[in-house]
Each structure stands twice: as C-alpha cells, then as structure tokens.
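Dear colleague,

Please keep it open while you read.

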Amino acid sequence: MPTPKALLLGGTTEASRLARAMAEAGIAGVFSYAGRTDRPVAQPLPTRVGGFGGVAGLVEFLRAEAITHVIDATHPFAAQMSRNAVLACAEAGVPLLAHERAPWAPGPGDDWRRVPDLAAAAAALPVQPTRVFLAIGRQNLEVFAARPEHHYLLRLVDPPQDALPLPRAEAVIARGPFDVAGDLALMRGHRIALIVAKNAGGAGARAKLEAARALGLPVILIDRPAVPDRPVTDRLEEVLAWLGHARLGV
C-alpha cells in the first residue's frame, strides 16, 4: 500500500486533536482551514487556508498533492464543504471518512424547541421583544434582521469588521471551549431570556445548553443540514486505524 497522505478538512476541536495524533504517529497530511476566522489555531501539519474553488478545484488539489485519504472534520454546519468532499472524492477515486461529533440530545430539565433551519429559528422567536443569546457565529446573521425588535447577544471569535446587520446587538469576543460557570455569568449579566443555537454537538460548546437548563431558559435548537451519505465516525482511534495506523493511549 502507498504511504498515506491525508487531507484533513478542519476547523473544529476534533480536527485539531486529530492533527496532533497524526503528527505524533508520523502520518503525512495537509490541514485545510476554510478561512472563517482571522486567527486560526496553529496546527502541527502543513496548513492551507481558503476554499478550493468548488468540486473541480478540490479534485485538482487531490490529484496535484497525491492525496490518498480525505478526512472531513469540518463543522457539522459546513454542509457545502462536506457535499463537495463527497463529490470530489468520488470523482478522484479517493476514500473519504467523516470525523464528526455526535449531535446533542435533550435531557431532564431541558426546554428545547427544534427547528429545521435558520429561517425557522428566526420565525420561532417570540412576538414580544426579547433578549436573545444568538449563538450561531457571525455567518447568517442577516437572517435575523427580519426580527429587529429583539436585542441580540453575539459571541464571536473575531471582532466584526463591518456593521452588524442587527440594529440591537452586542458582540462578545471570545474563543471556546466555554464552561458552564462562565456561560451562567454571561447570560445573567446580559439578562438573557432565550438562546438560539445550532446543534453542533461536542463538549466545547455545550456549556450554554447546560447553563440554559440551570436558568430554566428555552433554547431554539437548529437541526444539522443534510449531507450525502458517507462513512462517519466520532472516534479518533477509528480514523487512525482507517489511515493504517494504531495509536495506544488515545
């Protein structure tokens, strides 16, 4: 078998953890960031930033770089990249594995209202002006411009470069992972009455849901977008085994 050279589509905590494991195991690879943040976390693998130019551009990259494996460890809401990866890998004949965190599931005391997409989340907001923790990142904020009566608290990785599309909004600049104590203080300090969040899964962003439970606050939770069928695992060890390596102690 040829020596593996993997393309790791990253941007998540899981991707960074996998990059470290690959580097320690001596697995060659390229880490790819979409370029959504100004200061991406440094990685122990050769790194590129930016899009590929659609399916055709990704196919060209796979062939030019002699990529043998592709791991999709993007955010669960980066659906277009995931769709492109499925199509490009099929065309280039390169195996693909998604390393994806499991979605969140409600527990006792949770008050979740699940909606299929961002537009449905905006439509589900109350009629009366409400203080909303809009925990969806900086993308797609314009969807909520149709509900300008609410006051929105945003938590962003980078300071916004342009005016926010929401007339009543305040941004807190912070990078996760976050903890429950911090999110309790954030929500109390801003008198939050409702949370809007994406069902991203994982531990790093779950604190806001646990804080909402503790405060008895409702959560409008947006379901993940659909992507084509592909092999999926949430276990790092299985990704390493798929690459032909084993690593003890993971």
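Predicted model: local features only at pLDDT ≥ 70, side-chain atom pairs only at ≥ 80, totals over all residues.

Residues are numbered from 1 along each chain as its sequence is written, and side-chain values use heavy atoms, with hydrogens and water left out. Helices (H or I, at least four residues) and strands (E, at least two) are DSSP runs, numbered from the N terminus.

To begin with helix H1, its 13 residues, 13-25, should span 18 Å at 1.5 Å a residue, and the C-alpha atoms at its ends lie 19 Å apart, which agrees; the expected span is 1.5 Å times one less than the number of residues in the helix. The buried residues of H1 are Glu14, Ala15, Ser16, Leu18, Ala19, Ala21 and Met22, where buried means under 20% relative accessible area, exposed over 50%, and partly exposed in between (1.4 Å probe, protein chains only). These buried residues pack against strands E1 (5-9), E2 (28-33), E4 (69-72) and E5 (96-99) and against helix H7 (236-242), contact being taken as heavy atoms within 4.5 Å.

The strands come next. Six of them form an open sheet with parallel pairing, in the order E3-E2-E1-E4-E5-E12, and two strands count as paired if DSSP finds at least two bridges between them. Strand E3 (47-49) and strand E12 (232-233) stand at the edges, each with a single partner strand, so one side of each has no neighbour in the sheet. Within this sheet, E1 and E4 run parallel and are joined by four bridges, and alanine 6 has histidine 69 in E4 as its bridge partner. Helix H2 (residues 54-64) lies across E1, E2, E3 and E4 and runs at about 150° to E1; the axes are lines fitted to C-alpha atoms, for helices over the stretch in contact, and angles run from 0 to 180 degrees between N-to-C directions.

Arginine 131 stands opposite histidine 151 in E8, whereas tyrosine 152 has alanine 169 in E9 as its bridge partner. E8 is mostly covered, with five of its six residues buried.

For helix H6 (residues 207-215), the buried residues are Ala207, Lys208, Leu209, Ala211 and Ala212, and their cover includes E6 (112-115), E7, E8, H5, E10 and E11 (219-222). Just after H6, glycine 216 takes a positive phi of about 70°.

Which residues other than glycine have a positive phi? Among them is asparagine 140, with a phi near 70°, which is found in the loop between E7 (131-135) and E8 (151-156) and is partly exposed at 31% relative accessibility. Arginine 191 also has a positive phi, of about 55°; it is found in the loop between H5 (180-189) and E10 (194-198) and is exposed, with a relative accessible area of 58%. As background, most residues other than glycine have a negative phi.

Finally, a search of the whole structure finds 13 salt bridges, a salt bridge being a side-chain nitrogen of Lys or Arg within 4 Å of a carboxyl oxygen of Asp or Glu. In one of them, glutamate 65 meets lysine 5 at 3.3 Å, N to O. Because glutamate 65 lies in the loop between H2 and E4 and lysine 5 in strand E1, the pair ties together parts that are 60 residues apart in sequence. Glutamate 65 is partly exposed at 30%, and lysine 5 is partly exposed at 25%. Arginine 147 and glutamate 149 meet at 2.8 Å, N to O; here arginine 147 is buried, with a relative accessible area of 14%, while glutamate 149 is partly exposed at 25%. There is also a network of salt bridges that links Asp72, Glu100, Arg224 and Arg230.

With best wishes
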